[in-house]
Amino acid sequence: MSFSEQIKNYQWDDVGLSIYSKNANDVHRALSKVRLDLEDFKALISPAAEPFLEQMAQKSQQLTQQRFGKTMQFYIPLYLSNMCSNICTYCGFSMHNAIRRTTLDMEQVEQECLAIKKMGFAHILLVTGESERKVGVEYFKQVLPIIKKYFAHISIEVQPLDQHEYEVLIDYGVDAVLVYQETYNPVTYAQHHLKGKKSDFNYRLDTHDRLGKAGIHKMGLGCLIGLEEWRSDCFYVAAHLNYLEKKYWQSHYTISFPRLRPCEGGMEIKSVMEDKQLVQLICAFRLFNPEVELSLSTRESEHFRDHVLPLGITSVSAGSSTQPGGYAETSLKALEQFEISDERSPAEMANMIKAKGYEAVWKGWDHSLTGK
Amino acid sequence: MPGMRTNQMNIVVNEQVIAIPAGSNIEQLLERLESPLKGSAVAVNQNIVSRSTWAEYILNEGDQISLFQAIAGG
Amino acid sequence: MLFNKMPSNDPLVIADKTFTSRLFTGTGKFNDQQTMVAALQVSQSELVTMALKRVDLQRKDDDILAPLIKQGMNLLPNTSGARNAREAIFAAQLAREALQTNWVKLEIHPDPKYLLPDPIETLKAAEALANDGFVVLPYVHADPVLCKHLEAAGCAAVMPLGAPIGSNKGLKTIDFLEIIIEQANIPVIVDAGIGSPSHAALAMEMGAAAVLVNTAMAVAGDPVAMSEAFAKAVQAGRQAYLAGLAGQVNHAVASSPLTAFLQVG
């Protein structure tokens, strides 16, 4: 049994209808329960919950502080490569986009690590395009020992891998793996993923099952908000999270909220999500699952992040660059994956957090805890 | 041998010594004890004997037999 | 007054059996067999527990099985008396022979005073029995992590206690039962400690798949009437759960508005 089996319990159109049919009573009930279920989540992301946004935000903040304290985990993405053998209509790294392609060699990786370390980070997110042949497990096996020298917690966001490949990477020090389904609607998925291994919807969908069986410490999920009706897609994220938590109950989970941004190749966004709707979604997730890590990246603006971080977010990136070789001064600049909105330095972000009464956490994990 | 009837043997059932005809099988033992065949389980020398073989299982002198029955319980 | 059985559009499936009634019952502690049979009949229970013991050759016990089988009840022998995994496995094998069922309620309590279940021996025995083809229903403390381990070991359900056996104290472990129910992929049957129909209804309202009641029915002033009350309570609790309970209202702490920034600009 894997999620590609479980997902058959839901019909895309029925899910949408169900969400839109929720009323104020459903929202009231969801707000007054201690343990929410997926129907409650639907109510909280439905239009009927909009008048209750302030109440949701209050409760979300309270729950987050109870579980996480007044802290914010800082991490930084390191783009190792923008090589990619997929065509995804929305992405700057798409195979047909005429950009300069590069993959960092070990010396460059070392230089990037040194530059990043100076900024104070202990948690790093390694990102690549999806190019199995050139940037695959063998490449990661070379990179990870270098990264491990400098950083206490390593996440990766790369192409979906097989279970035994994840087991290898876990041995090499990977703590967390993030894989976004982009959209849980297979028809829309096919329209945006035109070529390459990423066009295999089910293989991607079952990645978290493979991760759970490999015994990963933490896994991340989410959808690319804007590819489809965001309420329906986000419901599927919640359903996916629910399924995974019950099955791989010893894993940690994290949710991200990437909203589509303009990039090279320019495309129209199907379902535009307004700021207040993203706030609603973040609060809905927190109320639905008080324990899950919620992450907000530098895709979002300064103004938005300043106000939203205390409402339910527990993990943020800062000082990010989405191009390979973006940190060390001597590196050449290749094209970035998406535009950064919040360009503040980590130090500025930490000060902002402190002004709000939160502590910036640089190191929240240690490998010695896993005995590896 | 003086004093011993050669067609009888001693076995222990639920820690009680009883005498039965030599060469008896389990089914015969249960009948002798007026114990219902249904709802009963038998272990000989700590080994459970499957009901399907009760008619063929020949008991030996000195066998320790435990005879179990379902009783009320929570 | 007798009432109809619950509609079967809410069946409880455990392993190879489907149940209409979510009230499971025990056979112990009744003052006589006749009362026991009458009470169980009125309870509409479809699964009943019993123990195994060595026959007293001097005094024959009543044959409790015949009337139960006649009523079409499913039998769930327990391993009561076992003090460790080895003894429990032996008891389970005996029970399989005696009752011709591979269902077993795994019950290991080395402490004769409080009859609390031994978690370590229970997990050991559960793994062995599940591998040997038994349908294992383990009786345990309301320990959420232990219940996940038992699920992984192949148990068909878990049976966390509400309070010590026979105490009739109700759902003392309610906070942990909630967690177990939330995290379980298999049915959760609250067993032990249920002292009144309201306790049983509460367990069902929380989302338990079923409850197992013995002492409270057997030692009531009128066991037959009490059994009927329990049957109604389990039905009511289940119906309430399915109907969607309204939660308690907790007012959020008033402070400066957190979402006012959305109106700006």
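Q: Why does C:W103 count as buried?

A: In this predicted model, where local features need pLDDT of at least 70, side-chain atom pairs count only at pLDDT 80 or more, and totals for chains, interfaces and linings use all residues, C:W103 has a relative accessibility of 1%. Buried means under 20% relative accessible area, exposed over 50% and partly exposed in between, with a 1.4 Å probe and protein chains only, and therefore C:W103 at 1% counts as buried. Residues are numbered from 1 along each chain as its sequence is written, chains are lettered from A and ligands numbered from 1 in the order in which they are written, and side-chain values use heavy atoms, with hydrogens and water left out.

Q: What makes C:F19 and C:W103 an aromatic pair, and why is the pair edge-to-face?

A: Rings of Phe, Tyr and Trp (its six-membered ring) pair if their centres lie within 6.5 Å, and planes under 30 degrees apart count as stacked, over 60 as edge-to-face and the rest as tilted. The centres of C:F19 and C:W103 are 6.0 Å apart and their planes form an angle of 70°, so the pair is edge-to-face. C:F19 lies in strand β2 (residues 17–19) of chain C and C:W103 in strand β6 (residues 103–106) of chain C, so the pair ties together parts 84 residues apart in sequence; strands here are DSSP runs (E) of at least two residues, helices are runs (H or I) of at least four, and both are numbered from the N terminus.

Q: Why is A:Y189 called buried?

A: A:Y189 has a relative accessible area of 0%, and is therefore buried.

Q: How do you know that A:R35 forms a salt bridge with C:E178?

A: A salt bridge is a side-chain nitrogen of Lys or Arg within 4 Å of a carboxyl oxygen of Asp or Glu. The closest N and O atoms of A:R35 and C:E178 are 2.9 Å apart, so the pair qualifies. The count between chain A and chain C is two salt bridges.

Q: What is the area buried between chain A and chain C?

A: Buried area is the accessible area (1.4 Å probe) that two parts lose on being put together, summed over both. For chain A and chain C this comes to about 1,900 Å², of which carbon and sulfur atoms give 61%. In chain A, the residues that lose the most area to chain C are A:R35, A:K246 and A:W249, together 35% of what that side buries. With contact meaning heavy atoms within 4.5 Å, 21 residues from chain A and 24 residues from chain C take part.
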